[in-house]
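Hi,

Here is the structure I promised to send over.

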Amino acid sequence: MTDEQHPEAIRAIRLRHPWRIAVAVILIILVVLFVLDAAQRKAFGWQYVGKYIFDKRISEAALVTLELTVLSMVIGIVLGLILAVMRLSPNPVVKAVAWVYLWIFRGTPVYVQLVFWGLITLIYNSIIIGIPFVHTWDTIAIDWVPPLFFISVVGLSLNEAAYMAEIVRAGLLSVDHGQEEAAKALGMSWSQTMTRIVIPQAMRVIIPPTGNEVISMLKTTTLVAAVPFTLDLFGRARDISAETFTPIPLLIVASIWYLFFTSILMVGQYFLEKRFQRGTRRGTPIIDGDSVAPAAVGGPVIGGQGGTR
Amino acid sequence: MTDPAATARPMVEARAVSKRFGSNEVLKGISLTVDRGQVMCVIGPSGSGKSTFLRCINHLEVVDAGRLYVDGDLIGYRERGDKLYELKPTEAARQRRDIGMVFQHFNLFPHLTALENVVEAPIRVKGVTRREALERGRELLARVGLGSHANHYPAQLSGGQQQRVAIARALAMEPKLMLFDEPTSALDPELVGEVLDVMRELASTGMTMVVVTHEMGFAREVGDTLVFMDGGVVVEAGDPREVLANPQHQRTQAFLSKVL
């Protein structure tokens with residue numbers, strides 16, 4: 001009687017996985033061999049790695065890279081949000097402007113864009129006041145030469161805005177259409193509906209891929225060499241190595257710093273995704289499953305297009 | 001009271017309202033009136049156009065032909081001479097804010113609490129002070145029996161509770177007309193009663209209501225008129241008890257024999 005109600009717990013012999021263990025052992029041996037080999041190889045110049053890893057010039061350059069990343073991302077996010085809202089606007093003119101922007105900035109490589117921005121003062125060195133092609137009243141020369149850091153931020157953020165716009169747009173579209181309708185039925189205007197109802201809900205879908213974009217941006221900052229701006233981490237490492245003829249150790253130094261930053265960001269990303277992949281905002285328990293807006297549309301997939309823009 | 005013409009004017013007047021989606025003609029000339037303080041229930045098979053008609057009343061759908069008036073105002077257009085001018089979005093929004101709407105799937109704002117859902121539009125649209133809106137919001141939640149759930153998020157509420165919050169949210173704008181689009185169709189059977197109770201109470205206060213529903217009991221008990229729609233036309237309309245007990249038209253008979 002009691003046996004039927006409380007059957008004995010199953011105690012089966014576990015399935016063995018001998019191949020996993022074998023492969024793991026082989027891999028460990030290979031890694032150990034690689035490390036031992038690398039430690040002896042002269043070309044790596046480990047003494048230089050140790051010497052330059054905390055060099056003041058390098059740590060300052062690391063800070064510049066962080067500044068480039070943060071500034072470009074902040075501007076990129078704000079501009080991306082504006083572009084995404086513009087693309088979903090009922091106004092066809094506004095929509096077309098956003099479309100053309102995305103077409104150009106997503107359709108050309110960021111490296112090429114940065115070269116262009118670097119040459120901007122050569123292209124636009126004067127303002128012509130008059131009737132185009134007919135009469136010129138005055139030509140004003142532009143004397144201001146913007147700092148290269150400024151140009152780098154402009155180049156990176158304008159490019160980033162185009163990618164952020166797509167992420168934000170996916171987020172906005174993930175919000176159930178009924179939300180917009182309910183807001184409309186209450187007499188809310190389109191801009192009120194966007195800012196108060198749609199955008200807050202879209203954040204759940206927007207934020208995880210935005211974390212990916214930050215990581216991606218940190219690495220994309222190396223391309224500011226095209227401007228040419230060289231006070232960032234990679235630029236500085238190359239400059240030093242050009243003097244000391246130790247390129248490989250300085251590449252390792254730069255890589256360690258990049259890896260250090262991306263590792264921190266990846267940890268942050270992990271928690272962000274955990275936080276935003278819950279069923280609802282604030283992680284409230286779901287009592288009536290029907291009522292919850294359609295589940296997040298595979299958030300993190302949208303981002304990562306890696307460094308090959 | 002103040003203006004005898006205004007009280008005599010019907011709340012909703014539809015004149016040959018037509019609507020098509022592409023080649024699909026959903027409404028083929030709907031003409032009907034809802035008087036002040038009346039409850040009109042609209043029934044009919046799915047695809048009969050009843051929800052579309054309801055959505056036309058507050059301009060969520062644009063009418064293709066015919067005229068729709070709410071409280072004497074032409075919906076969606078301004079008529080001057082024999083020309084119609086499209087309303088600006090702000091003007092359309094102004095028309096909508098006097099018309100409350102309750103949706104089949106509630107459409108509560110999931111990122112806001114029940115109380116925040118209720119006060120959002122009065123504060124943003126009507127410019128009511130926050131304090132005043134909160135006070136009135138609490139009253140309304142109490143009225144729909146959810147006074148103790150003010151700080152719950154929609155996901156923490158049952159379907160019936162969510163729909164009651166949605167009704168309170170619509171009432172917060174102090175509408176002169178309430179539209180209900182199958183308000184109980186998405187609910188578990190045991191939750192239907194609590195929503196109907198709130199609607200019944202609302203009807204007893206003299207609110208003008210247009211209710212698209214499958215609840216024949218509610219229609220019989222609360223409705224002043226019952227409209228049976230099929231294929232985009234009004235097939236039969238009249239006193240609910242009459243229509244339900246003694247349908248004149250063959251299509252009404254066929255429909256009622258299936259649902260009753």
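Let me start with a strand pair in chain B: strand 8 and strand 9 (residues 177-181) run parallel and are joined by 4 bridges. One residue pair to look up there is B:Gly100, whose bridge partner in strand 9 is B:Met178. Helix 6 (residues 159-171) of chain B packs on the sheet here, touching both strand 8 and strand 9. The helix direction makes about 170 degrees with that of strand 8. Do keep in mind that this is a predicted model.

Zooming out, the sheet is an open one of 6 strands in chain B, ordered 8-9-10-3-11-12, and the pairing is mixed. Strand 8 (99-102) and strand 12 (233-238) stand at the edges with a single partner strand each, so one side of each has no neighbour in the sheet. From one strand to the next, the twist averages 15 degrees.

Strand 11 (residues 225-230) of that chain holds B:Asp230. Is B:Asp230 buried or exposed? B:Asp230 is buried, because its relative accessible area is 18% and the cut-off for buried is under 20%. Leaving out neighbours within four places in sequence, B:Asp230 is in contact with B:Pro45, B:Ser48, B:Val235 and B:Arg251.

Now to another strand: B:Thr33 sits in strand 2 (residues 24-34) of chain B. B:Thr33 is partly exposed, at a relative accessible area of 41%. Not counting residues up to four places away in sequence, B:Thr33 touches B:Pro10, B:Val12, B:Glu13 and B:Met40.

Cheers

Methods: Residues numbered from 1 in each chain as written. Chains lettered and ligands numbered in written order. Predicted model: local features only at pLDDT ≥ 70, side-chain atom pairs only at ≥ 80, totals over all residues. Heavy atoms only, no water. Helix = DSSP H or I, 4+ residues; strand = E, 2+ residues; numbered from the N terminus. Buried < 20%, exposed > 50% of the residue type's maximum accessible area, 1.4 Å probe, protein only. Contact = heavy atoms within 4.5 Å. Pairing = 2+ DSSP bridges. Axes fitted to C-alpha atoms, helices over the stretch in contact; angles between N-to-C directions.
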